[in-house]
Amino acid sequence: MVTGASALLGDARGLYALTLIVAGVVSVPTVLFFSASIPCILSTSIPLSVGRMLVVWFIRVTLNLLQAVPAGYLVQTLVV
């Protein structure tokens, strides 16, 4: 059983690794969505405003977080 400062340091390292995994998984789809989808939609006659596209972006980020955090925990437990 690990107690004291070493237990806190282990938890901090695990949280740091989880943060890196989640940031990497969520940032890639977010950048791809803004860099590819929005210019394509705005150049066509699809009746979407920028405000509605921001709502869609927010929903996508939320869904990505809901998937990435449990997956990050799973990866973290499988690696350690």
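**Getting started**

This predicted model has a mean pLDDT of 78, and 85% of its residues reach 70 or more; pLDDT is the predictor's confidence in each residue, from 0 to 100. Over residues 1–9 the pLDDT falls below 50, and this stretch has one contact in the model beyond near neighbours in sequence. A contact means heavy atoms within 4.5 Å.

Residues are numbered from 1 along each chain as its sequence is written, and side-chain values use heavy atoms, with hydrogens and water left out. Because the model is predicted, local features need pLDDT of at least 70 and side-chain atom pairs count only at pLDDT 80 or more, while totals for chains, interfaces and linings use all residues.

**Exercise 1. Find out how many helices and strands the protein has, and check the span of α2.**

Step 1. Start with the definition: helices (H or I, at least four residues) and strands (E, at least two) are DSSP runs, numbered from the N terminus.

Step 2. Count them: the protein has two helices and zero strands. Helix α1 covers residues 5–43, and α2 covers 50–79.

Step 3. Work out the expected span, which is 1.5 Å times one less than the number of residues. With 30 residues, α2 should span 44 Å; its end C-alpha atoms are 41 Å apart, so the two values agree.

**Exercise 2. Work out which residues of α2 are buried, and what share of the protein is buried.**

Step 1. Go along α2: M53, V61, N64, A68, G72 and Q76 are buried.

Step 2. For the whole protein, buried residues make up 18% of the 80 residues.

**Exercise 3. Decide whether T30 is buried or exposed, and list what its side chain reaches.**

Step 1. T30 lies in helix α1. Its relative accessibility is 14%, so T30 counts as buried.

Step 2. The T30 side chain reaches the backbone oxygen of V26 at 2.8 Å.

Step 3. Leaving aside neighbours within four places in sequence, T30 is in contact with W57 and V61.

**Exercise 4. Identify the residues of the largest nonpolar core and the elements they come from.**

Step 1. A nonpolar core is a set of buried Ala, Val, Leu, Ile, Met, Phe, Trp, Tyr and Cys residues joined through side-chain atoms within 4.5 Å.

Step 2. The largest such core has five residues: L18, V22, V26, V61 and A68. The elements giving two or more residues to this core are α1 and α2, and the largest share, three residues, comes from α1.

Step 3. For background, in soluble globular proteins nonpolar side chains tend to be buried together.

Step 4. Look at one member: not counting residues up to four places away in sequence, L18 touches V69, G72, Y73 and Q76.

Methods. Buried < 20%, exposed > 50% of the residue type's maximum accessible area, 1.4 Å probe, protein only. Polar contact = N/O pair within 3.5 Å; in protein donor to acceptor, adjacent residues only side chain to side chain.
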